[in-house]
Amino acid sequence: MLGTALLILIGLLALAVPVAAGLGVLGLALEWIYSKLPLNLALGEISWAASNNFLLVAIPFFVLLGEILLRSGIAERMYNSLVLWVPWLPGGLMHTNIAACAMFAATSGSSVATAATIGTVAMGEIRKRGYSERLFLGTIAAGGTLGILIPPSINMIVYGVLTDTSIPKLYLAGFIPGFILASLFSLTVLICCLLRPAWGGKRTSASWGQRARVLPDLIPPIVVFISVIGSIYTGWATATESAALGVIAALVIAAWRRSLTVSMLLRAFEGTMRTTAMIMAILIAAYFLNFVMSSIGLLSKVNDLIMGLRLTPGQLLFAVIVFYVILGMFMETLSMTVATVPIIAPIMFKAGYDPVWYGVLFVILTETAMITPPVGINLYVVQGLRKSGRITDVIIGALPFVLAMFAMLAIISILPNIALWLPQIAAK
Amino acid sequence: MEHVMTLARRVSRFSLWFSGALVLLAAVLIGIDVLLRKFFHTSIGGADELAGYALAIGTSWSLGAALLDRAHIRIDSLYGFFWRWLRLAFDFVGLVLFVGFFGLVAWRGWSVVQQSWVSSSRSHTALATPTIIPQAAWVLGLMILLAVAAALFVHAAVLIVRGDAGGAARTIGTRTAEEEVEEEVGFLKGRKSGGGVR
């Protein structure tokens, strides 16, 4: 049963059937082969229930929020301000890239949006100051992935909904690992530039007066961040409500910057709903597939199979990490999440791993998948921002940061409290 | 055929705007609700329920537009190596399976609407919304998807019969990563050089 299911899934996806259709058709095929009951009669109810799930409403909100920040020039001003504040380390603006990504990540729930936004504003600086192009591109591709680790995070919402884990707790748990990972990225740049000083480019300097003058440009992202995250932890708002407050904050800021126009909003609507429809189509199909898989007993079979291997929790964790690193090379991350989390997460929970901790680990694995070739969406995004050159440059440039992510996986496995400490003290 | 495609594009663009407006409206409604609750200890009531409907209706109305813009994710690691006509064959298979699955969703969804009509059911909330209203709007979106998909299918088939494989690939093929990113970048650069924003 398990073999058949895997074969059908891999076959459908390899033939480039849309992921949503692949998952849905797999569900129908499994029903046809293994079920005596007409499970698809429930498809209407399941789809309707998934479609109006209040937790998932946060997804279009965060996409819309990002669209507004991008289209109103708020992100660009933030970067230009950070340029004057961060670049005194060896590696100069490459640290700015990482800092800007981390800061934008605190307003954005998506890694692609983070890389595309910061990449667009940063790209002009490579040649100007003689940086190693590859490493510079790598900072953007890798820095962008922080978008889903530092809250808010669309991927954490999807994980939370799939595994019934508290989204506010996941957000809290992502903070410290996000900050550490950003520091590890900076450290990677620092080491590279100490080994090869020529990669580091010319350093810039700025007077304190200049710095003070651009400080107000950092305020808008901070306001959005406080609206979204602050409102959750003061208990004013739930995860979805906080996303709505973020949208309103972004609208107010855009209006204040005089960039809130009807045509800007319509463009933002188009981008938002295209992305939302794509995500929701996959989620609807995944809900149906999960319903079929548990009805025909597939989930418990996988469970028995893995339990039968009698792995220690440590071995299990290692196997899961290796599995995702390899799968992440070939699979798009959202599809990977909905196809595997409902099966693997319960096994990890049964082995004694905390759902919140595993959520953070899973998000870091997802980030790795975004910058490992051949399928790594952030690699494509950064390559697309360049006028010329081969994608190999981006792949090589991102490689040192993959190592940094491995280090992060090791750190969080050895010291789980890095993720769990904030949610624990918040619970008290 | 061109007229039909132009119409399909116009309808999907309008659907995207309508859906986006619904989502924005939901965000504003929820935002006001949170502030009222915090500062005036009162509530509009039912904002969360309405936001759920906005997501359901917004999603179904946008599915067709996402199909036209080829925004539904397809994994092209292997597909990229295929021979052109084989790729086109799989484009058709993918389209048919996508429409087949969501056609079934629409069909079963229609039963849900009928059920609500027969039992005149209302949501178990303060609003007690007759569930048939949001459900009917939701199913209508799925039907728009089916209409758009049918137009797309015929259009691509016509292109192939005319021998325009390239045109067909641009209609139903995968958006190569480059193409996808080009659009994003094209917009950002347009905004930057346009300069009117700042």
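**Aromatic rings and their helices**

Analyst: Let's start with A:Phe136, which is buried, its relative accessible area coming out at 0%. Keep in mind that this is a predicted model. A:Tyr131 has 7% relative accessibility, and since the cut-off for buried is under 20%, A:Tyr131 counts as buried too. These two residues form a ring pair: the centres of A:Tyr131 and A:Phe136 are 5.4 Å apart and the planes sit at 40°, so the pair is classed as tilted. A tilted pair is what's left once planes under 30 degrees apart are called stacked and those over 60 edge-to-face.

A:Phe136 also has a part in helix packing. In chain A, helix 7 (residues 111–122) and helix 9 (residues 133–145) have axes that come within 7 Å and cross at roughly 145°. That crossing of helix 7 and helix 9 of chain A is right-handed. On the helix 9 side of chain A, the contact uses A:Phe136, A:Ile140, A:Gly144 and A:Thr145, while helix 7 of chain A brings A:Ser111, A:Thr114, A:Ala115, A:Gly119 and A:Ala122. Sort the contact residues of helix 7 and helix 9 of chain A by class and you get four nonpolar, five polar and no charged ones.

Now for a second ring pair, A:Tyr159 with A:Tyr358. Their ring centres are 6.3 Å apart with the planes at 55°, so this pair is tilted as well. What the pair does is link distant parts of the chain: A:Tyr159 belongs to helix 10 (residues 154–163) of chain A and A:Tyr358 to helix 19 (residues 355–371) of chain A, 199 residues apart. Both A:Tyr159 and A:Tyr358 are buried. They also belong to a cluster joined by ring pairs, in which the other members are A:Phe323, A:Tyr324, A:Phe349 and A:Phe362.

A:Arg211 lies over the face of A:Trp208, 4.6 Å from the ring centre. A:Arg211 also lies over the face of A:Trp85, this time at 5.9 Å from the ring centre.

Finally, a quick word on the partner chain. Chain B has six helices and zero strands. Of the 198 residues in chain B, 46% are buried. Take the contacts in chain B between residues at least 6 apart in sequence, and 70% of them join residues at least 24 apart.

How values were computed. Residues numbered from 1 in each chain as written. Chains lettered and ligands numbered in written order. Predicted model: local features only at pLDDT ≥ 70, side-chain atom pairs only at ≥ 80, totals over all residues. Heavy atoms only, no water. Axes fitted to C-alpha atoms, helices over the stretch in contact; angles between N-to-C directions. Helix = DSSP H or I, 4+ residues; strand = E, 2+ residues; numbered from the N terminus. Left-handed = near helix turned anticlockwise from the far one by under 90°. Contact = heavy atoms within 4.5 Å. Nonpolar A, V, L, I, M, F, W, Y, C, P; charged D, E, K, R; others polar. Phe/Tyr/Trp six-rings, centres within 6.5 Å; stacked < 30°, edge-to-face > 60°. Buried < 20%, exposed > 50% of the residue type's maximum accessible area, 1.4 Å probe, protein only. Lys NZ or Arg CZ within 6 Å of the ring centre and 35° of its normal.
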